[in-house]
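Welcome! Take a moment to look over the sequence and the model shown here, and then we can walk through some of its parts together.

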Number of protein chains: 2
Amino acid sequence: MKNVIVGQSGGPTAVINSSLLGVYKTARDRGADIVYGMVHGVKGLLDGDIVNLSESLKNDIDMDLLKRTPSSFLGSCRYKLPDIDGNEKTYDKIFAKLEELEIYAFFYIGGNDSMDTIMRLTDYAKRIKSPVKFIGVPKTIDNDLAITDHTPGFGSAAKYIAATTKEIIRDGLVYDYPVVSVIEVMGRNAGWLTAATALAKGEDCEGVDLIYLPEVVFDVDKFIADVGVMLKQNRSVVIAVSEGVKVADGRYVCELAEHVDYVDAFGHKQLAGTARYLAGRVAANYGVKTRAIELSSLQRCASHIQARVDVTEAYNVGGAAVKAAFEGLSGQVITLKRVSDDPYMCITEPADVHLIANVEKKVPVEWITEDGTGVKPELTHYIFPLIQAEIAPLWVEGLPRHIKLGFTKTK
Amino acid sequence: MKNVIVGQSGGPTAVINSSLLGVYKTARDRGADIVYGMVHGVKGLLDGDIVNLSESLKNDIDMDLLKRTPSSFLGSCRYKLPDIDGNEKTYDKIFAKLEELEIYAFFYIGGNDSMDTIMRLTDYAKRIKSPVKFIGVPKTIDNDLAITDHTPGFGSAAKYIAATTKEIIRDGLVYDYPVVSVIEVMGRNAGWLTAATALAKGEDCEGVDLIYLPEVVFDVDKFIADVGVMLKQNRSVVIAVSEGVKVADGRYVCELAEHVDYVDAFGHKQLAGTARYLAGRVAANYGVKTRAIELSSLQRCASHIQARVDVTEAYNVGGAAVKAAFEGLSGQVITLKRVSDDPYMCITEPADVHLIANVEKKVPVEWITEDGTGVKPELTHYIFPLIQAEIAPLWVEGLPRHIKLGFTKTK
């Protein structure tokens with residue numbers, strides 16, 4: 001009897017469900033009896049909110065839809081396990097639940113915080129001599145996990161961002177007067193996604209003119225000057241800026257706006273966006289038409305543009321997690337290792353979760369141009385293979401078809 | 001000797017270049033010698049900025065790329081011809097140019113303002129007894145032209161909006177706490193595009209909870225109450241709101257924000273968006289997490305999601321314009337006439353430009369629910385056939401390939 005359980009945690013990606021499918025199918029293929037899903041991650045496990053995945057994935061079409069469905073099929077949580085010492089009760093509750101369900105292995109698909117969960121559960125299992133295996137399956141559009149060459153989810157987000165940027169660049173050239181477009185891209189601390197806008201440039205596209213990553217201190221005056229130089233050269237200036245850019249004193253650029261839109265019930269400022277603030281400054285300085293475009297949550301949920309490379313890798317890390325567990329490993333995260341650059345080739349490789357949890361991988365400064373307004377070829381070269389190839393949505397009556405979880409609680 | 005000239009005007013759509021292709025190919029097929037393109041519309045004609053389209057469209061691949069390229073291939077303008085009386089010089093200059101180029105027919109792809117241009121040129125041609133034919137080719141994502149069943153460009157924008165809305169709805173359900181997402185959709189006066197969010201609902205999607213069109217006076221207090229009701233029923237509430245909603249005193253909702261983000265060099269307020277303002281109000285009232293999502297210019301330039309119905313119709317209105325001119329008609333706009341609802345079938349039909357120019361078609365009030373927070377089945381039934389079928393991008397190295405105009409001026 002081998003039951004396994006899988007959960008999804010943190011922000012979703014366009015391929016997080018491909019990893020779920022990789023876990024599900026591989027576990028079934030390798031003889032697991034029941035593949036349980038935790039609804040809303042480890043929180044669902046604690047609350048007894050658990051589903052039998054076979055009841056939701058009834059046939060091949062369901063599984064193909066799952067690959068193409070945005071958001072986390074099982075629901076997600078931002079719940080972080082507390083320190084073990086002093087909180088043994090929480091851990092005992094989890095392990096009691098796992099024992100009750102006769103769980104052989106526990107898989108968690110997520111980013112940094114989720115790998116922290118795997119690490120703590122592994123450590124506690126060791127302490128209480130539990131035989132349950134714990135394996136982490138990496139995902140995050142932010143691409144900020146250590147050790148792994150890149151994270152599943154990044155490639156599809158990068159493809160969406162680059163494709164959209166191309167469209168915005170064409171659109172910006174439509175009139176014969178100057179327009180400055182500022183595109184705001186996700187990534188609070190790491191600029192990987194913002195860097196993906198550099199891929200727009202090609203035979204058929206002028207590319208973005210200025211790129212600002214959060215790895216470089218942002219200087220508003222320099223920014224205004226940079227835009228001025230570009231406005232002398234081009235009718236349409238397109239700028240990509242990370243939502244996480246900060247000025248020298250550590251404040252986010254969006255915090256510089258004199259006025260906030262609103263203060264909510266908890267006193268949280270509803271900040272104007274970074275792009276909107278910068279577009280306003282440009283308009284005030286140069287008297288040109290500006291546009292602020294926030295790519296917002298579309299970056300993580302636009303599953304109608306998935307990179308097939310990313311879908312396959314997401315599936316593979318899920319499958320490799322099961323393989324590792326069934327071969328007796330625990331406390332591991334399945335990483336991607338680039339074994340060849342040209343042709344691009346990646347394999348999966350387990351790595352100790354203690355080396356990955358809570359470590360943040362930023363864009364290396366040597367991949368950013370000296371003036372801080374662009375990225376070097378090494379960086380686009382690194383991202384390029386990850387956005388390759390396509391997987392078409394299953395179009396039904398004119399729209400991409402998804403699959404949603406029937407929330408049947410089995411426990 | 002039959003030369004023709006074509007221009008694009010107003011805001012672009014995802015299929016405005018399919019109409020250009022329809023004009024180009026049909027004109028060539030029907031024996032036109034040179035198909036000229038005005039760069040940046042009639043402004044380009046006045047400035048002598050003209051291209052020979054055959055120099056840009058060299059082969060079948062170029063033409064297939066043109067169909068899939070966002071923005072206006074020839075560039076656009078917001079230039080409106082002045083009244084004829086007192087401005088005869090401007091008109092004489094245009095007609096002299098047309099004579100010099102030996103133009104038989106003049107095609108203008110655009111919305112309301114562009115049809116006004118066709119009307120004035122037709123009237124002036126009549127006055128000076130010029131033999132040049134003037135035909136309007138309708139386009140606008142806003143779908144606000146009279147007489148025609150719908151406008152090319154609307155279907156693809158509606159498909160993009162509905163597909164994106166489905167993704168946002170899935171994404172909104174990812175966590176187990178309440179989230180209110182406010183999606184801001186284009187359309188200053190007509191709510192057609194906002195109504196397209198209603199198409200998201202289906203077997204696999206919960207749909208949007210509240211829809212606010214500009215045809216109905218907006219009441220902020222009622223909005224807050226509407227959201228409160230929905231929050232009692234659903235964990236995730238998704239709201240679609242037109243950028244053009246106005247309160248009873250005529251102000252746009254986005255003008256209600258106490259603080260503006262910035263005042264530009266001309267004293268123009270850089271307004272916080274409607275979605276952001278309303279999300280702020282919801283957060284302040286209910287203390288829930290909110291998200292403001294502006295679909296922004298992506299709605300008009302997301303050519304990676306085109307409705308094939310729309311591409312075909314856009315091509316057809318371009319082709320029918322040439323046919324009409326070559327059969328001797330002038331002062332006409334090519335409209336779409338729905339000859340059957342089920343199965344959906346549309347034919348083209350020329351209509352007198354005087355009946356169309358400067359008339360704005362809004363969503364009929366009887367297609368909006370009485371409480372003003374949704375649309376009736378008649379409206380989704382009307383839009384549904386227009387978003388059908390797909391045309392895949394030409395993916396090259398992981399991104400949709402486009403074509404750009406080499407700005408070779410022939411005059």
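## Helix 4 of chain B

On one side of helix 4 of chain B, D60(B) and I61(B) are exposed. This model is predicted, so please read every value here as computed from a prediction. Helix 4 of chain B runs through residues 60–67, and its buried residues are D62(B), M63(B), L65(B) and L66(B). These four span an arc of only 160° around the axis, which puts them on the same side of the helix.

What do the buried residues of helix 4 of chain B pack against? Their partners are helix 1 (16–29) and helix 3 (53–56) of chain B.

## Helix 5 of chain B

Next comes helix 5 of chain B, with 13 residues (88–100). Helix 5 of chain B is followed by E102(B), a residue with a positive phi, near 55°.

Which residues of helix 5 of chain B are buried? They are Y91(B), I94(B), F95(B), K97(B) and L98(B). Their arc around the axis is only 155°, which puts them on the same side of helix 5 of chain B. The face turned away from that buried side carries the exposed residues K89(B) and E99(B).

The buried residues of helix 5 of chain B pack against several elements of chain B. Among them are strand 1 (3–8), helix 2 (41–47) and strand 3 (50–52). Strand 4 (103–110), helix 6 (112–128) and strand 5 (133–138) of chain B are also packed against by these residues.

## How the two chains are related

Now let us turn to the pair of chains. Chain B is superposed on chain A by a rotation of 180° with 0.0 Å of shift along its axis, at an RMSD of 0.0 Å. That is the relation of a two-fold axis.

## Where the chains meet

Chain B gives 81 residues to the contact, and chain A gives 81 residues. About 6700 Å² is buried between chain B and chain A, with carbon and sulfur atoms giving 56% of that area. In chain B, the residues that lose the most area to chain A are E167(B), Y175(B) and R276(B), together 10% of what that side buries.

Of the interface residues of chain B, 99% are also interface residues in chain A, so the copies meet through the same surface. Between chain B and chain A there are 12 salt bridges. One salt bridge joins E203(A) and R401(B), whose closest N and O atoms are 3.3 Å apart.

Conventions:
Residues numbered from 1 in each chain as written. Chains lettered and ligands numbered in written order. Predicted model: local features only at pLDDT ≥ 70, side-chain atom pairs only at ≥ 80, totals over all residues. Heavy atoms only, no water. Least-squares fit on C-alpha atoms with pLDDT ≥ 70 in both. Contact = heavy atoms within 4.5 Å. Helix = DSSP H or I, 4+ residues; strand = E, 2+ residues; numbered from the N terminus. Expected span 1.5 Å × (residues − 1). Buried < 20%, exposed > 50% of the residue type's maximum accessible area, 1.4 Å probe, protein only. Arc of directions from axis to C-beta. Buried area = accessible area lost by both parts, 1.4 Å probe. Salt bridge = Lys/Arg side-chain N within 4 Å of Asp/Glu carboxyl O.
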